[in-house]
Amino acid sequence: MRKNRTHWVTTGVAAAATLSLAACSAGGSAAGPAADGPVPIEIWGWDPDTGEQTVEAFNEAQDEVEATYVLQADNIATQTNFRNAFEAGEELPCLVEGFGPLTTAVVNGWAQDITDAVTPLEDVFSEGALASATVDGRYYGVPTGSDGQFLIYNERTFEAAGVSVPTTWEEFVEVGRQLRAEGVDMTNLAGEDPTTLINLSQMAGAEWFTIDGDRWIVNFLGEETLQAADIIQQLIDDDLVSNQTYQDRPALYAHFDSGDMASTPTQWWSLTGLRTNLTESAGDWVATTIPQFEGADEPVAPGRTEPWFVPVGCENPDAVMAYMAWTASPDGIEAGRNPQTGAVNFPTQIADPAPYVEDIIPEGFFVDDEEAGDVIVEAQSRVIGKFELGPNYDAWFPEMQDQWGKAVAGEITVEEALQAVQDFVAADLDAKGIDHTVG
């Protein structure tokens with residue numbers, strides 16, 4: 001078995017497209033089609049409840065592809081096992097559940113360009129799912145769906161304070177000021193989690209990383225990002241938010257449950273945990289469209305994902321996409337119904353997940369379940385899906401966490417935090433020899 005690897009660290013996506021890894025496999029998972037019989041593919045994922053049963057149902061539904069599901073302990077174990085197998089030149093699967101930004105998989109030479117396999121099936125998937133699977137206009141990931149965010153607010157708290165539900169981020173700040181007079185936090189900003197800054201920047205239309213030929217353009221201080229930063233800065237400066245940490249979940253949930261925190265952006269997969277832990281305020285929450293920026297051309301919902309990918313060396317991306325298209329079909333979605341809970345995994349990869357939204361609405365949490373379902377489906381139809389995180393995400397994200405924590409604590413401004421992260425990114429790319437410009 002002979003292997004070639006070219007790592008894209010200096011010349012950009014154009015070089016990544018030429019990566020090759022001649023793979024061989026006694027089991028056939030990364031080899032070409034067998035002389036006769038179904039095409040074999042191996043899938044790595046960490047779903048102990050429905051992963052294997054979905055693959056078994058797929059195999060029973062057709063006879064052209066034979067899929068095997070290899071259960072991993074979790075996403076960290078998947079990453080570790082994949083890295084080890086790749087570096088050792090060992091047998092690789094044909095489909096891996098995403099464990100990091102897609103660009104990282106491309107930069108490291110892991111993910112192959114599967115544009116020819118995805119393009120004929122684009123009508124199967126939502127625009128947000130398709131967007132999330134691309135790097136520089138090519139499909140390096142499979143369209144596995146992005147979770148659109150929406151806002152939930154405590155109706156009892158809002159009514160007691162006599163405030164209206166904000167529809168823009170500018171109104172969100174103003175309502176926060178009114179609630180502060182009542183001793184209520186508008187929302188929570190955890191010091192270790194800069195997700196709110198990323199989400200608002202994405203909504204504003206920011207691009208922190210773009211690709212120009214074989215060069216990266218880095219811009220953490222563009223007009224759109226500063227628009228997002230200004231909203232967050234006002235929330236911090238006017239003391240309109242709490243800073244409960246996710247590292248102390250009981251305290252976090254207790255604060256949410258107390259009525260002293262009015263709202264939070266969230267996504268569908270958080271609802272079960274919220275219903276389980278918010279016992280006092282259950283039945284008081286309303287779902288609504290996440291606020292927009294004033295003057296926005298069209299309403300959008302923030303949302304990104306870590307797409308599954310087909311490793312370089314797998315010769316059967318068409319077989320992989322046959323599997324992915326089937327899992328997006330009614331039969332495939334039904335095959336993923338959880339035997340313990342009776343619920344399906346919400347199919348965010350399809351254009352209209354409305355038929356499945358009832359399964360994810362926790363009983364007794366919302367004031368109006370039907371309204372909440374409509375909001376969640378609407379968020380999926382508007383999810384952006386794409387926000388490029390660059391070639392060195394693993395390096396710069398911890399720096400952003402550190403700078404974000406300082407900003408939330410009032411030690412520096414959000415803009416100063418962004419400047420520090422941009423400086424860090426530029427220095428790190430210089431050290432790695434990756435071609436880039438700033439601004």
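Q: What is a salt bridge?
A: A salt bridge is a side-chain nitrogen of Lys or Arg within 4 Å of a carboxyl oxygen of Asp or Glu. This structure is a predicted model.

Q: How many salt bridges are in the whole structure?
A: A search of the whole structure turns up 13.

Q: OK, which residue does Arg 180 form a salt bridge with?
A: Asp 185. The closest N and O atoms of this pair are 2.4 Å apart.

Q: Is Asp 185 buried or exposed?
A: Asp 185 counts as buried because its relative accessibility is 12%, and buried means under 20%. Arg 180 counts as partly exposed, at 24%.

Q: And where are Lys 432 and Asp 428?
A: Both lie in helix H17, residues 414-432. They are 4 residues apart, about one turn of the helix. Lys 432 is partly exposed at 39%, while Asp 428 is buried at 14%.

Q: What about Arg 337 and Glu 334?
A: Their side chains meet in a salt bridge too, 2.9 Å from N to O. Arg 337 is partly exposed at 26%, and Glu 334 is partly exposed at 41%.

Q: New topic. Which residues form the negative surface patch?
A: Glu 358, Glu 363, Asp 368, Asp 369, Glu 370, Glu 371 and Asp 374.

Q: Where does Asp 368 lie?
A: In the loop between helix H14 (330-335) and helix H15 (369-382). Asp 368 counts as partly exposed, with 35% relative accessibility.

Definitions and conventions
Residues numbered from 1 in each chain as written. Predicted model: local features only at pLDDT ≥ 70, side-chain atom pairs only at ≥ 80, totals over all residues. Heavy atoms only, no water. Patch = residues over 30% accessible without salt bridge, like charges linked within 9 Å, V, L, I, M, F, W, Y side chains within 5 Å. Areas by Shrake-Rupley, 256 points an atom, 1.4 Å probe, with all protein chains shown as cover. Lys, Arg positive; Asp, Glu negative; His and termini not counted. Charge placed at Lys NZ, Arg CZ, Asp CG, Glu CD. Helix = DSSP H or I, 4+ residues; strand = E, 2+ residues; numbered from the N terminus. Buried < 20%, exposed > 50% of the residue type's maximum accessible area, 1.4 Å probe, protein only.
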